[in-house]
Amino acid sequence: MLKPVSSTLLPLCVLLINGMSAPFVSAEEKAALASKSEGTPAKSEFSPEQLEFFETQIRPVLADNCLECHSGTKSKLGLELNHRAGWLAGSDYRKVINLEKPAESVLIKAVLHSGEKGVPAMPEKGNKLPPETVEKLTTWIGMGLPWPEHEETTKANDPLKHWAFQPVKAEAVPENAGHPIDYFVRRAQAKAGVSPAARADRYTLHRRANFALLGLPPKYDEVQRFIDDPKKHEEAWPALVDHLLGSPHFGERWARLWMDVARYADTKGYEGAGQERRFIYSYTYRDWLIRALNEDLPYDQFLLYQFAAEQIVDPATPDKRHLAALGFLSLSKNGSQDEILDDRVDTTFRGTMALTVSCAKCHDHKFDPISTKEYYSLYGIFLNSLTVDTPTIGEPKLGPEYDKYLAGLAEKQKKIDDFLAPVLERKAKEHPDLAGQRDKLITKVDREDRRKLTNLEGERDKFIADSGMEPDKAIILRDRDKPINQHVFIRGNASRRGDLAPRQFLAIASEGGKPNEFKNGSGRLEMAHQIVRPGNPLTARNIVNRVWMWHFGEGIVRTVDDFGMQGERPDNPELLDWLANWFVENDWSLKKLHRLILTSETWQQQSDNPKETENMLVDSENRLLWKFRKRRLELEQMRDGMLDVAGNLSNEMFGRSVVILEPPYSNRRSVYAYIDRQNLNPTFRNFDFSNPQETTGKRPTTTIPMQALFTLNNPFVQDQGENLARKTATEKDRVAQLHRAVFAKAPSESDRQLAESFVSVYEAETARLGKRQTNTEWSYGWGDIDETSGKVVFHPFEHWIKEAWQVGKERPLKDNPLSYLYVDANGNTHPGYTAKESVIFEWRAPADLRVSIGGAVQRSNVGKGNGVRVKVATRSAGVVFDKVLDPAKGSLDVSIPELTIASNESVYLIIDPHEKNSSFDSVRWNPVISDLDNKWPKWELAESFSGPATPSSSWGAYAQGLLNTNRFLFIE
Amino acid sequence: MNGFTSRRQFLQRTGMGMGALGLSPFLSSLQGSDRSLNPLAPGKTHFSPRAKRVIHIFANGGPSQVDSFDYKPALEKYDGKEMPGEGLKTERKTGALMKSPFNFSQHGECGLWASDLFPKVAAMADDLCVINSMYANVPNHEPSLMLMNTGAERVNLVRPSVGSWVTYGLGTENENLPGFVSLCPGGVPVVETQNWRSAFLPGAYQGAHIDTKNTQISKLIPDIRNPRMPKELQRRQLELIQEMNRQDAEGNAIDPAAEARMHSLELAYKMQIEASDAFNVEREPAHVRELYGDTLHGRQMLIARRLVERGVRFVQVWHGDGQPWDSHSEIAKGHGKLAKEADQPIAALLFDLKQRGLLEDTLVIWGGEFGRTPTVELPTPGANDANTKLGRDHNHHGFSMWMAGGGVKGGMQYGKTDEFGFKAVENPMHVHDLHATILHLLGFNHEKLTYRYAGRDFRLTDIHGHVVDDLIA
């Protein structure tokens, strides 16, 4: 008896039972696909004599003279002479043999050293072939290139037989097999002899599902409700999954993942000086993605809109929001036309079909059955779609501010017009034939004027981008009115035209292996239809595999953006195909796919398996999915999670992008982050964020100390700790509240002990350290010293102005003995009028220590004034150093070889103006205190110079500590 | 993979009690074994390397070869005269040949002809391996910078930088510091951070840009300082975090990712100290600081030495933001000032590396993205002001660079330009050849140091590059 995992899965499983194994592609199609090698003369049966002739007379000649350079994928000019197909295909430039007229073959001319233009003399190295050998070659060509058939047909890596180009074959899942995913996974496990893990507990599942579907941590109450739900897991769990799939945050999480594929950025890339780099309306694409995913727009339509929305959206409808979908193409990085087109081909095919079509730009794909001609067929589609337009899809926020903006914009525009008018007038006189044709006249503008024009336009664009006042607009592409034909660029060189490349689809993904020429405009919409054609063997496999990777950390095919010969094979091909087929059968619904995956026992496994050791021996990479792969939160999950648990995450959806990693720290979700394509803040990539220059398959997963520096030291993370502390300040059981907030879980007894001991130690330590001017061992101020007792009166400076500590807000203070007192980061300082207003650096020992003091007081006003008097003192030892810096000298060494000092006791480093004369007393002193036992790093004034302490509170430090634990940062 | 099922079992077998503080020795085996978790773990070279680290001094903007290391007496003879023969295309219009405003003389035992532009560097002639026959593809800054730094000149074809490749290949010897550091005072050069980006290589290999105009460590490396906790308190916080991590890991199978993160927390804590130390030239004795000079360039060259000494793999030292060496006009003044800033610090670096025995396996490279024309630049409306005089235009046809240490021959001059120093004619060495040679010195076959991305095995030299054996000692 079939045991469905959930009630809604039932109909699907029924479908399966009814023999749902019909493949996408018919047998005829498959046959046609296999004989794709168009233009190849049908291979006749060669006689044994002919083959014998080849083996004895030809093969040795090839081996001795040709194959060193013309064999395999690195062949010169792309000419491969080590197999028959290579002879037929010729070089990257042309055919080299003529089967009808063998003597006219280019190859024969080459070995004859004919001297004909463009025909090199071959072989390049070694001797010219003797005439009789050439004769034999000619004969052999005339025979139709006899070559043992087995060498061709048994080639294990025949690209056309490669798994990814075969039709999707959905195997029927037998009745009683349980969840189909588990059926396939367990079958593979059983075969290999590994055992799956048990189902994770409800807490773990809840947290895992929240991060997976919403990118956010769960709430304590919700987790509790789920744990306490008396319903059977088979009911309670799918209900929770459905609940999460209904959240608007779902779209925010999954849009960001797709944005990796779409190499989303808010800037175009590198631009010369004066030009605006921002797209201005890039965010409308991101907002479209969020809405489309929340509404569960079927994936085929999801793609159609992204490729050709302007041809699908009814011009009459007022709702134009789907136009923004074209951002998938239009937000490509800037560059030459060729680079833009190449990027669009690459993003399209790597992104939606896991094909590296761009590899066929300069030569036929070295591994996959994709020809250069096919590359240029697709290139030609984008070539005819280069016109960018920005139709309005939203409403402006009318009001006085908007009016002000319009006035400002008009002013900027007027500047351009006023500049351009006389320039164009002049040009019209120079080119009377172009009079009245503004577009053409502009191209005639001189370099200097063009530079000015660019700057003025840049100013206008910057004004628009900065203001954020324009209504939402879509960045769309339009087809050229009259399409132009694209030729092959031989070896990628635009000046070497090859065959015409008609706009059409890839043969390997076309029905029957035979693409039809596209008829409408650029062919972009037709191309999109070919991509989502249910018989296309790659599109559905690609998306289910990516979704799988986003849920499990690795795809069923690990090279998620390369299903070609160079990519990995699927770990579980039957599962991949079953999923791909199921997905299409289920209306390309991504939400249904998520539901299917999350309700499988495979997804619900624990991240630990008692049979770990045994399983590891068989499958150390967990390709058979015998446990859930524990993963660190991605940058977005981590940042949003921190904001969310601190109760600080903004619920605001959509709109212009915001800078997230620089102060003032935004509380918006990370999906709204402003992505600067050219100069991305390095923290993004330190956390393995995708490279916004090109489509990303799988993000790397690295662990580097820069990540920990961020979570430990970045004020954003510390702020969230303090927010958490503030929110729980009035709670009786603060530890419990913090744990509930951060982990959605009550603390264990041991957690409580750690918390209590941390807070009490932290507070005691803070008290012991006393109120500190800075967060370092150093304080800066002024005062006086009793030279006999060593007792110091120390007044810390109260003002931190322009990176320096000083007495008042102003400096110097008028007619005040404290007038010039200050210290800056380089140890530049100045005492007050008399010894009573000496400048003092205080250093407090963090432990009982034996230290040495080094450094020198430097003075630039050599020969002027009366010098300064330098003293060093501690309470217990009194004055240990007292010398005058001679006004004739520039420097005084202040070295104390050894000084014993108790914990929390201070060393005072003092500069007295000397004999009440403070003229020319600007000095620089960068004292260095070293632990003679070498347990502590050195303390140095300049190196650790800092502003006022804004110390973390004990509970804030505790909460921030929780945000730094693996418990928070990992999904189990 | 290890055969230990649980932490407990592991610790029992290694004789450690469960209460043991500090990190498990498991982590030391993690380093070097699993580069996906620890991308900076030391990598394996293809053969025994001659150099273990690189300092690339980038004279961005294009320093003139005929005014520095490529002596052309013919320029004096033909000064003010039309260049005989066919002219070469450069970015802007140039006129007659122009002699160098600097004086040339011979230096060292090798008798290197060099101008008085870099007198102190020239005095190290016997350590220099001067390449006079460098050439690139186009006379424009952006593509030439990209070519020199990434091997791919198209500005929008974003490829990993040389430093990223080297760090990918070699990892780092000191995890408390970034593996690849780019020192550039005052901002960024042309094409900006793309000069040190890791592109499709993981972010761990991107260059850490450090604006050496700042002197405060907290401004040099983001998040290097905890602004709100003295170190004693921070240590307490770290102990709390690690104790919770340890307790959570107890009884479970060893999870490499979680262990790696615990390790990285400790590294980060140490980095706060170590990085401060590395960038703090005040720690150097006075005589060393004097050797380099108390200037911006002296300081950053000294930082470069402190970094490589501490195991950083690749340090790039830029002259400044923008393109300072771009002397389209008044080259005597422009180059004179720039060289004055750089000469002593560079010579000090070479001398200092040598006296510490570091030069042996540290490859020092000096040069720009291209050189300059031996002809004088003519005023171009819109491109430069009408007062332009006595400057030189960009020249990619032939220019000079030098290398020192790290397995290259000292006292060597390689290749030649034509009579006037315009075009490389003898043993021309393309930028790809330079890259191939650099990788070779570091122990890599440039054709085999690859990274699989988008269905292809990418490499720094793409399909080009030849190792120039003549330069190798």
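The structure is a predicted model. Chain A and chain B meet through 79 residues of chain A and 70 residues of chain B, and chain A itself is divided into four stretches assigned as domain 1, domain 2, domain 3 and domain 4.

**Contact between the chains**

- On the side of chain A that touches chain B, the largest share comes from helix H32 of chain A, residues 749-769, which supplies eight residues.
- Sorted by class, this side of chain A holds 34 polar residues, 25 nonpolar residues and 20 charged residues.

**Domains of chain A**

- Domain 1 spans residues 48-163 and domain 2 spans 405-470, while domain 3 is written as 635-767 + 957-971 and domain 4 covers 773-940.
- Between the C-alpha centres of domain 1 and domain 3 of chain A there is a distance of 64 Å.

**Helices H9 and H11 of chain A**

- The axes of helix H9 (residues 202-214) and helix H11 (residues 233-245) of chain A come within 10 Å of each other and cross at roughly 30 degrees; because angles under 35 degrees count as roughly parallel, H9(A) and H11(A) are therefore described as roughly parallel to each other.
- The crossing in which H9(A) passes H11(A) is right-handed.
- On the H9(A) side the contact is made by A:His206, A:Ala209, A:Asn210, A:Leu213 and A:Leu214, and on the H11(A) side by A:Leu240, A:Val241, A:Leu244 and A:Leu245.
- Of the residues in this contact between H9(A) and H11(A), seven are nonpolar and two are polar, with no charged residue.

**Four-stranded sheet of chain A**

- Four strands of chain A form an open sheet with antiparallel pairing, in the order S18-S13-S21-S22, and its edge strands, S18 (896-901) and S22 (939-940), each pair on one side only.
- Within this order, strand S13 (residues 849-854) and strand S21 (residues 928-931) of chain A are joined in the antiparallel sense over four bridges, and A:Ile853 stands opposite A:Ile929 in S21(A).

**Seven-stranded sheet of chain A**

- A second open sheet, also with antiparallel pairing, has seven strands of chain A in the order S8-S9-S10-S11-S20-S14-S17.
- Strand S8 (799-801) and strand S17 (891-893) of chain A are at the edges with a single partner strand each, so one side of each has no neighbour in the sheet.
- Neighbouring strands of this sheet are, on average and with direction ignored, turned by 20 degrees against each other.
- Strand S11 (residues 828-830) and strand S20 (residues 923-925) of chain A pair in the antiparallel sense over two bridges, and the bridge partner of A:Thr829 in S20(A) is A:Val923.

Terms used. Residues are numbered from 1 along each chain as its sequence is written. Chains are lettered from A and ligands numbered from 1 in the order in which they are written. This is a predicted model: local features need pLDDT of at least 70, side-chain atom pairs count only at pLDDT 80 or more; totals for chains, interfaces and linings use all residues. Two residues are in contact if their C-beta atoms, placed from the backbone, lie within 7 Å. Ala, Val, Leu, Ile, Met, Phe, Trp, Tyr, Cys and Pro count as nonpolar, Asp, Glu, Lys and Arg as charged, and the others, Gly among them, as polar. Axes are lines fitted to C-alpha atoms, for helices over the stretch in contact, and angles run from 0 to 180 degrees between N-to-C directions. Angles under 35 degrees count as roughly parallel, over 145 as roughly antiparallel, 65 to 115 as roughly perpendicular and the rest as oblique. A crossing is left-handed if the near helix is turned anticlockwise from the far one by less than a right angle, and right-handed if clockwise. Domain bounds come from an automatic or database domain assignment. Two strands pair if DSSP finds at least two bridges between them.
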